[in-house]
Structures are given as C-alpha cells and as structure tokens.
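Here is a short report on one protein chain. Look at the sequence and the structure first, then read on.

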Amino acid sequence: MKHLKPVLIIFSIFISIIFIVPTLLVLPFSSEKETANLDEKLKNPPSVEELANSVEVAVYRSNQNLIEKLPLEQYVVGVVAGEMPADFEKEALKAQALAARTYIVNQLLLEDSSVPKGADVTDTVSHQVYKNQKELAGLWGAEYDWKIKKISEAVLETMGQVLTYDGKPITAAFFSTSNGYTENSEAYWPNEYPYLRSVESPWDSASPRFEDQKIIPIKEFEQKLGVTLPKDGSVGTITSRTEGKRVASVEINGKGFSGREIREKLELRSSDFTWYLKDDHIVIATKGFGHGVGMSQYGANGMAKEGKNYQDIVTHYYKDVKITESDKLLQKVTAQR
C-alpha cells in the first residue's frame, strides 16, 4: 500500500468502511426528482461514502447457508464484480451496473417464493452472481485495489438509475456473448417482453467465447436426449431457426426438440449449433455463450470500445426503455417493510 497514491489509499479506506460497517440508512426521497435530472447528476456524481446510503438488500449466500444484509448500491458493486470482468470498458461496466440495479429493484418489488425466507435474492445465476469484499480480495489478489475502484466508480456514476418500460422496472436480462444477434424473449422463455427484441450485435465476434466445439460419445448423446440415432449416419434435422439465428426446433429420428432443450440437455454454450457424426462421436459447434436474451456483455464492451456511452448501450439492447431514478420505486419497498 505504501506505493499507492494518497487518493487511492483514501478511496480504498472508504471502500473497506462501506463494505464492513452495516447500515440501515435509506435513500432520501423526493417527488421532484425526474428523468430530466439525470444529466445534472452525472455532472455531480455522489461521493464514495454514499454507496452505503441506500435501501437494504438481504442476499442468501448459498455456500454458507446464511443471509447477508447490505445497502443496495453496495450490493450492485458486488454483482457487477461477480458478473462482468473488471478490465472491461468503463461504459460497459456502467451498463452492467444499470442492469444489475434494475434487476434488484424489480426483485424487491416482487414476492419471490423461490428465495429462502428472510432473503430478497440469492447469490447465484438463478438471480445475479454476488461476491462480497472478502471474496473479491481473495479472487483478485494484488489487482483488488484498481478493480474495486473501477467498478465502484461505475456504480457511483449511475447511482439510483434504473431501466423502465411504461414506468415499471424491466426484466433486465443479460448474458455473456451473442452469435451476432440477440434473441426475442419468447424464443427462449414463455413470456414476450416488448423491450427484449432481437437486435444485431456484431461486436461479439471478438469475444473469446464466440465459438466453441463439444464432442459427445453417441451413447451419451442418445442417453441424454432419450433417442436412438438412425442407421443412415445422420444426427438430426434442424427444422427452424429463431429471429436471433438460433435453433428453434430440431427433429431426431422422429422425435422433436426445441433448441433450448438441446442446449440444456447437452450442456451447450448456446442454442445456435450445428452437428455431425464422426466415428462414434457427435461433434457439435456452437456460436455464442448464454441464452441470448437482453444485453450481451461482450457486445456492450465492443460498443464502449467504439466510443458509445452506457446510455447508448442499454438503449440498443433494451428497446424503447427509459433511464429513470429509482427513488419512487424504492419508496414502495420501504413502505412494505
């Protein structure tokens, strides 16, 4: 630490304080705060200490089987750190912070029966991956100071902002890498959301996760899918694709599957796949990594590298949404508690 600049030392002390000292402080609410004030807020971003000044979130820590309570903005820092590489561009991290904050605000407004009693959210991919200061210090080692500083700044510079559609927080879905296009929500999930539409995402081709190959023994392939391959050497026929260029449906020796079913049963990185038989194995090539709905993280980073800001990024991946203050929405949360 003795070689760090004084400003960084002070910043690190503040970060340690806000992560260690518990607080039950609540954001001050004002009915006068509207979307038009966002530009002014960006000119005068909140101080580091204000990360601790937000509504409390109760996170179920799955490995320890306990509940960790912490301020919302502090929770967002832990989610961005757990979900996106710190060496991504600052504007991409800010877009991720906005998605993470929108997700938890929406979660706080819902009654989620899948969450353990006393918790608002879990720390897994079932909700959002969250890691606290101690875990991040262990993961990052000597890189902890610059990484936590960069991520905390991204959270601070978007503090209190959420994504809304028709005045309500959106389902801010995100994933690692697209196949060049994102997916319509109803192509992967049961519900259709007007803001989760398929859009082009050409930046993803630079992702190290853009292409993958998996080789599966025929017996394992047949067992996992409950099929018997035909004797003609074919694997299956892709009968339709989605607007996002992923497999919509496939037929294997008279049995039909959705692309999502194939992806999940065979544990593929993406539902954009092609395959062929080689000897006694099935060779499967995939493009992209993740469900494909919402914001592509590598796409967001690619946009940021081209000079786009976080507003540009989120409005590209989430159609017709608005960036608004969360104060009024969080008033409902505090009224319920």
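How much accessible surface does the protein chain have, and what share belongs to carbon and sulfur atoms? The accessible surface comes to about 16,200 Å², and 50% of that belongs to carbon and sulfur atoms. Accessible areas come from the Shrake-Rupley method with a 1.4 Å probe; for residues, only the protein chains shown count as cover.

This is a predicted model, where local features need pLDDT of at least 70, side-chain atom pairs count only at pLDDT 80 or more, and totals for chains, interfaces and linings use all residues. Residues are numbered from 1 along each chain as its sequence is written, and side-chain values use heavy atoms, with hydrogens and water left out.

**Confidence**

pLDDT is the predictor's confidence in each residue, from 0 to 100. Its mean over the protein chain is 87, and 82% of the residues reach 70 or more.

**Overall build**

The protein chain has 11 helices and 14 strands. Helices (H or I, at least four residues) and strands (E, at least two) are DSSP runs, numbered from the N terminus. Of the 337 residues, 50% are buried. Buried means under 20% relative accessible area, exposed over 50%, and partly exposed in between (1.4 Å probe, protein chains only). Take contacts between residues at least 6 apart in sequence: 70% of them join residues at least 24 apart.

**Strands**

Two strands pair if DSSP finds at least two bridges between them. Strand β1 (residues 56–61) pairs with strand β2 (residues 66–71) in the antiparallel sense, over six bridges. V57 stands opposite L70 in β2. β1 and β2 form a hairpin with four residues between them. In the turn, N65 has a positive phi of about 55°.

An open sheet of three strands has the order β8-β9-β10, with antiparallel pairing. β8 (237–241) and β10 (255–258) stand at the edges, each with a single partner strand, so one side of each has no neighbour in the sheet. Four bridges join β8 to strand β9 (residues 247–252). S240 stands opposite S249 in β9.

Is D320 buried or exposed? D320 counts as exposed because its relative accessibility is 64%. D320 is found in the loop between α10 (310–317) and β14 (322–325). The C-alpha atoms of D320 and L196 are separated by 9.6 Å, though these residues are 124 apart along the chain.

How values were computed
Contact = heavy atoms within 4.5 Å.
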